[in-house]
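Please look through the sequence and the 3D model shown here. This short report then walks through its surface, its rings and its core.

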Amino acid sequence: MDWKTGLTLSVSAFLAVIGYIATYLNNLRLAQRKDRLDRVDRQLRELYGPLLALVTASTTTWQAFVRAHVETDFFRGGLPVALENDENAALWRHWMTTVFMPLNESMAALVLSHTDLMEDSVMPECLLTLTAHVHGYKGVVKAWENGNFSQHFSLIEFPGPELLAYVMIHYQRLKARQSELLGA
């Protein structure tokens, strides 16, 4: 074989190897992008989307409840006052057990069952407070079921504004990342 043929074969082999490497790297990049998109989709679908819907529903319902009952001296400073009035106490227990606790329990269940989908490397304080609030209320609700109405509130305050801000920021960030990964 002469040098021209050898050179031609060498160049062809070199180009084939370069083409293979380029194809491999491109496929690797596409697979990584698909994996990132799949994770973002799961984060939105299984955690941050439902959590945003629940936090928003809870916040909106809470605000409507406060507006509806603020004229009755039921609230001072946006929070329920001591519930000496049996009618107010019964109203509070009704709304807590039928509206707010189911929403709160759903939020806590999402957080606890999808910690692997969180953006943060450390569990955010507002999510820890949420789960503590819910578990604090479980004892109160159980006492109500047994006819003990001496306590009406969880020992841990609901992290309303912080929770809403946290979820909103992460949801928007993930939606932007999703759009970017989709090439929009």
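Val17 is partly exposed because its relative accessible area is 46%. (Buried means under 20% relative accessible area, exposed over 50%, and partly exposed in between, with a 1.4 Å probe and protein chains only.) Val17 sits in helix 1, residues 3–69. Helices here are DSSP runs of H or I with at least four residues, numbered from the N terminus.

This is a predicted model, where local features need pLDDT of at least 70, side-chain atom pairs count only at pLDDT 80 or more, and totals for chains, interfaces and linings use all residues. Residues are numbered from 1 along each chain as its sequence is written, and side-chain values use heavy atoms, leaving out hydrogens and water.

## Aromatic pairs

Rings of Phe, Tyr and Trp (its six-membered ring) pair if their centres lie within 6.5 Å; planes under 30 degrees apart count as stacked, over 60 as edge-to-face and the rest as tilted. By this rule there are nine aromatic pairs. One of them joins Trp62 and Trp92 edge-to-face, at 5.9 Å centre to centre and 80° between the planes. Trp62 lies in helix 1 and Trp92 in helix 2 (residues 86–113), so this pair ties together parts 30 residues apart in sequence.

Are these two residues buried or partly exposed? Trp62 is partly exposed, at 23% relative accessibility. Trp92 is buried, at 2%. Trp95 and Phe100 form a tilted pair, with 6.0 Å centre to centre and 35° between the planes. Trp95 is partly exposed at 25%, while Phe100 is buried at 4%. Ring pairs link Trp62, Phe65, Trp92, Trp95, Phe100 and Phe153 into a cluster.

## A charge over a ring

Which ring does Arg93 lie over? Arg93 lies over the face of Phe149, 3.8 Å from the ring centre. The rule asks for NZ of Lys or CZ of Arg within 6 Å of the ring centre and within 35 degrees of the ring normal.

## The nonpolar core

A nonpolar core is a set of buried Ala, Val, Leu, Ile, Met, Phe, Trp, Tyr and Cys residues joined through side-chain atoms within 4.5 Å. The largest one has 34 residues. Leu51, Met107, Leu127, Tyr137 and Leu163 have the most contacts inside it. Helix 1, helix 2, helix 3 (125–145) and helix 4 (160–182) each give two or more residues to this core. Helix 1 gives the most, with 10 residues.
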